[in-house]
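Here is a short briefing to read alongside the sequence and the model. Please keep both in view as you go through the points.

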Amino acid sequence: MKITKVILRRLALKMKGAGFRTSFAQITQKDFSLIELHSDSGLVGYGECSPLFFPWYSEETTLGAISVLQTVLIPSLLDAGEIASPEAFFDATSWIRRNRMARAAVDCALWDLWSKEQGLPEYKALGGVRSAVEAGVSLGIEPTPDDLCRTVEKYMKQGYRRVKCKIKPGHDIQYLSAVRERFGDIMLMADANSAYTLNDIPLFKELDDLGLLMIEQPLASDDIVDHRHLQAAIRTPICLDESIDTIDDARRAIELGSCKIINIKVARVGGLTEARRIQQYAGERGVYSWCGGMVDAGVARGHNLAVATLPYYRYPNDIPGSDRYYAEDTVTPSTFIDEHAMIALPDRPGMGFDLNQDVIDRITVEKWEYGAKA
Ligand SMILES: [Mg+2]
């Protein structure tokens, strides 16, 4: 495939209700960008660029990633000539340091386009082994354990089997114990987003008694050494999220024994190409994966659904339905979670979702178009 035209948009999508709260701000809209790759065959591939507006989750930001797309990745696409496969482009641009969310937008769009050219659903082109994936629900920190239990109840009634609760010091064991006591033997897990240190080992030993499915990223985001010490001290499997950006990070963490599970976010690791490599490398060593998200809009959700069909994705995924975070969907058809918390994949070439063009046009803040040189 040869890329003949690229359209890049900056978008602002309103969140439902009050949005979500981070340690420094209330986020009420998703600021992100969307890339459209047009090929000489007349087909189009889509990729969503996922950093947050502020460098809170990773070092990338909405506007920084747009700059990297404009100055580095789009010129590389237009100068590349014939691109043999998404992996070929990913490897050819591996000289780019970090900036993996910007690279992921391009990698995902290339997979969408390439699988359309093959006439295959993207999940089949990737090597997926199932046509539906399980969703788990991810819940923020609530004012009291009772509030959390009420929220959990609402989602259990909708069919979810896996509940993930965000925790932080002072809002951990009493919350998780309350949920365990009230709901019995459900798949319960915690995400700490790096809120703890090795001084908290006694707390994690207490958490062992709750039989959690896993505890996600308890220690520093860039650490694998302290996680090794913690994993050696507790029975609960540690799942690494922020610490794993590349297959080499995964190799080091597995060799050290720093985790037993990896949350592979497509955006964080640079796209579907690297996600597929990590799940295979880790899975062959008994470390299984699942798919996390970046409060994604429709295009990123479509790619997440595809990646979660790969063989070593073995846990429920943070892939919400279309109505969870946003009043409007940027793609069609919308995604629904059935009464068993399963999401069926579209059986169409490519990612399987089209842009909801009315919505996209309405939420476009800025639009740029680039063509190949004659
Ligand atoms: Mg996480």
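The points below go from the whole chain to its sheets, helices and loops.

This is a predicted model. The protein chain holds 13 helices and 17 strands. For its 374 residues, a compact globule would have a radius of gyration near 21 Å, and the chain has 20 Å, so the two agree.

**Overall build**

- Taken along the principal axes, the C-alpha atoms fill a box of roughly 65 × 40 × 40 Å.
- Of the 374 residues, 47% are buried.
- Among contacts between residues at least 6 apart in sequence, 71% join residues at least 24 apart.

**The antiparallel sheet and its helices**

- Four strands form an open sheet in the order 5-4-1-17, and their pairing is antiparallel.
- Strand 5 (44-49) and strand 17 (364-371) are the edge strands, each pairing on one side only.
- On average, neighbouring strands of this sheet are turned by 15° against each other, direction ignored.
- Strand 1 (residues 3-14) and strand 17 run antiparallel and are joined by seven bridges.
- Leucine 11 has threonine 364 of strand 17 standing opposite.
- Helix 1 (residues 62-79) lies across strand 1, strand 4 (29-39), strand 5 and strand 17, and runs at about 170° to strand 1.
- Helix 3 (residues 100-118) also packs on the sheet, where it touches strand 4 and strand 5. The direction of helix 3 makes about 155° with that of strand 5.

**Parallel strands around strand 9**

- Strand 9 is mostly covered, with four of its five residues buried.
- Strand 8 (residues 162-166) runs parallel to strand 9, and five bridges join the two.
- Lysine 166 stands opposite aspartate 191, which belongs to strand 9.
- From strand 8, the chain crosses through helix 6 (residues 173-183) to strand 9 in a right-handed β-α-β crossover.
- Strand 9 is also joined to strand 10 (residues 215-216), by two bridges and again in parallel.
- Alanine 190 has isoleucine 215 in strand 10 as its bridge partner.
- The chain then passes from strand 9 through helix 7 to strand 10, and this β-α-β crossover is right-handed too.

**A covered helix**

- How many residues of helix 12 (residues 298-307) are buried? The count is ten of its ten residues, and the helix is mostly covered.
- The buried residues of helix 12 include Arg301, His303 and Asn304, along with Gly298, Val299 and Leu305.

**Loops with backbone features to look at**

- Asparagine 193 sits in the loop between strand 9 (187-191) and helix 7 (201-208). Its phi is positive, about 40°, although asparagine 193 is not a glycine.
- Serine 194 is placed in the loop between strand 9 and helix 7. Phi of serine 194 is near 65°, a positive value in a residue other than glycine.
- Why does asparagine 193 count as partly exposed? Because asparagine 193 has 18 C-beta neighbours inside 10 Å, while a buried residue needs 20 or more and an exposed one has 12 or fewer.
- Serine 194 counts as partly exposed because it has 18 C-beta neighbours inside 10 Å.
- Threonine 332 and proline 333 are joined by a cis peptide bond, with omega about -5°. Proline 333 lies in the loop between strand 14 (331-332) and strand 15 (342-344).

How values were computed: Residues are numbered from 1 along each chain as its sequence is written. This is a predicted model: local features need pLDDT of at least 70, side-chain atom pairs count only at pLDDT 80 or more; totals for chains, interfaces and linings use all residues. The radius of gyration is taken over C-alpha atoms; the globule rule is 2.2 Å times the number of residues to the power 0.38. Two residues are in contact if their C-beta atoms, placed from the backbone, lie within 7 Å. Two strands pair if DSSP finds at least two bridges between them. Axes are lines fitted to C-alpha atoms, for helices over the stretch in contact, and angles run from 0 to 180 degrees between N-to-C directions. A crossover is right-handed if, with the strands pointing away from the viewer, the path from the first strand over the helix to the second runs clockwise.
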